[in-house]
Structure formats: C-alpha cells, structure tokens
Amino acid sequence: MQQLQHAARALGWDGRLVPDVDVLDTRFTAVARIRPDVHEWRLNNGWEPELNPAWFKAWSEPEHHDQLPVAAVDLIGILVPVSKPSRALRACGMLLSLAPCAVVLPGQQRYDALSMLELDYYGAGVVTTGPDDSGKLVIPPENRAAEFGSSMFGRWLLEVLYSRLLDHPQLTENA
C-alpha cells in the first residue's frame, strides 16, 4: 500500500486510497475524496450509498425515481499496479473513461520507448517505484473522462467508493 501512496503523491493526487476495487475485470486502487457538503446533506436527508446497480439502471425511467442523490465522492484518479509495460494499457483500458488512470511499474527495470509512447498516446500515466518505495512520475495521465461523458456505471462506482470510504474511515489519507 505504501508503494501506491508514493505513486499518488508523485501524481499530485490528494485523497484517500481505496484499495482492491474490482470492476471491469481489473483490480485497482482508487484515489477519492468525500465532498463534505454533499456528504452532510446526504446524511441529513437519509441518502445512504446506493450499491444496487439495477437502481441506477432505472434512472432512465423517471416514473421510478423523481429524485436522485448527488455524488458525495470525487474520483481523483485510478492506480493500477502492473509488473511490466506490456500489461499496462490493458490494465487501464476501460478505466480511462472514468478518471485519469496511471499504472504503477517497478522502477528497477528499463522500459522500451514504444511501450511508453503507446501509453502516452492513449492518456495512461506511468509512475515507477524504486527500492525505497519512492514514486517517480514518468508520464502524467490525461483526464479523458469528459470525452466519454457520464455513465450510469461511473455513477454507480462513485457510490461504491462512497460506501467503502464510510465503512472504512481508516483508509489511508494521501495528503
């Protein structure tokens, strides 16, 4: 986990690390932050995190829901540890549509320029970690989420992260 803390710091991502998020056949660590004003409003109005994906599917049917909760979490970025660059693009893949995504690679290896160029082209970031666990930013990630627009899946993921942050207040703060 300390490796991921250093990677988030190298990226300048200030938030709490939510480990072991498993979606889209990928396990990753999210860097997220609770929005205090929205969180307080949701607590005062009885809007618990909604974890049922079917509930979000029904958003497109206004006769079922006349009110929807505002997202109480900002997803700052996604960290995916991989052992080599050839696995990096697949690891970030669909996650690039949700938030900036960066792969965390071991720093002791040499990486070929073509792999790095491909990651940069698609907007995936690269952070390496050394033996002392310090993080080094190699390629900054791009935030391509706006290109894809919002989705019910992305909104559901924010609720999952909100739930995890509430259930585990000890999750690591990256400040």
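This is a predicted model: local features need pLDDT of at least 70, side-chain atom pairs count only at pLDDT 80 or more; totals for chains, interfaces and linings use all residues.

Me: What volume does the largest pocket have?
Reply: On a 1 Å grid over the protein atoms alone, a pocket is an open set of points where a 1.4 Å probe fits, with protein on both sides within 12 Å along at least five of seven lines. Grid points are joined across faces, edges and corners, and a volume is the space filled by probe spheres set on the points. For the largest pocket that comes to about 350 Å³.

Me: Which residues that line the largest pocket are closest to its centre?
Reply: A lining residue has an atom within 4 Å of a point. There are 19 of them in the largest pocket, and the closest to its centre are Leu98, Ser150, Ser151, Gly154 and Arg155.

Me: Which element gives the largest share of the lining of the largest pocket?
Reply: Helices (H or I, at least four residues) and strands (E, at least two) are DSSP runs, numbered from the N terminus. Strand S3 (73-81) and helix H7 (152-167) each bring at least two residues to this lining. The largest share is 5 residues, and it comes from H7.

Me: How many residues in the lining of the largest pocket are charged?
Reply: Ala, Val, Leu, Ile, Met, Phe, Trp, Tyr, Cys and Pro count as nonpolar, Asp, Glu, Lys and Arg as charged, and the others, Gly among them, as polar. In this lining 11 are nonpolar and 5 polar, while the charged count is 3.

Me: And which helix gives the largest share of the lining of the second largest pocket?
Reply: That pocket has a volume of about 160 Å³. Its lining includes Leu24, Asp25, Thr26 and Arg90. The largest share, 3 residues, comes from residues 88-92, helix H4.

Me: Which residues of helix H2 are buried?
Reply: Buried means under 20% relative accessible area, exposed over 50%, and partly exposed in between (1.4 Å probe, protein chains only). On the face of H2 turned away from its buried side sit the exposed Pro36, Asp37, Glu40, Leu43 and Asn44. Within H2 (residues 36-44), the buried ones are Val38, His39 and Arg42.
Reply: Contact means heavy atoms within 4.5 Å. The cover for the buried residues of H2 includes strand S2 (26-34) and H7.

Me: How are the rings of tyrosine 121 and tyrosine 122 arranged?
Reply: Rings of Phe, Tyr and Trp (its six-membered ring) pair if their centres lie within 6.5 Å; planes under 30 degrees apart count as stacked, over 60 as edge-to-face and the rest as tilted. By this rule there are 2 aromatic pairs. Tyrosine 121 and tyrosine 122 have ring centres 5.0 Å apart and planes at 90°, so this pair is edge-to-face.

Me: What is the phi of aspartate 20?
Reply: Aspartate 20 lies in strand S1 (residues 16-23). Its relative accessible area is 46%, so aspartate 20 counts as partly exposed. Its phi is positive although the residue is not a glycine, with a value near 55°.

Me: Which residues does threonine 26 contact, leaving aside neighbours within four places in sequence?
Reply: Threonine 26 is part of strand S2. At 13% relative accessibility, threonine 26 is buried. With those neighbours left aside, its contacts are Val21, Val80, Ala91 and Leu95.

Me: How far apart in space are valine 73 and serine 163?
Reply: Valine 73 belongs to strand S3, and at 2% relative accessibility it is buried. Not counting residues up to four places away in sequence, valine 73 touches Leu158, Leu161, Tyr162 and Leu165, among others. Valine 73 and serine 163 are 90 residues apart in sequence, while their C-alpha to C-alpha distance in space is 9.7 Å.

Definitions and conventions. Residues are numbered from 1 along each chain as its sequence is written. Side-chain values use heavy atoms; hydrogens and water are left out.
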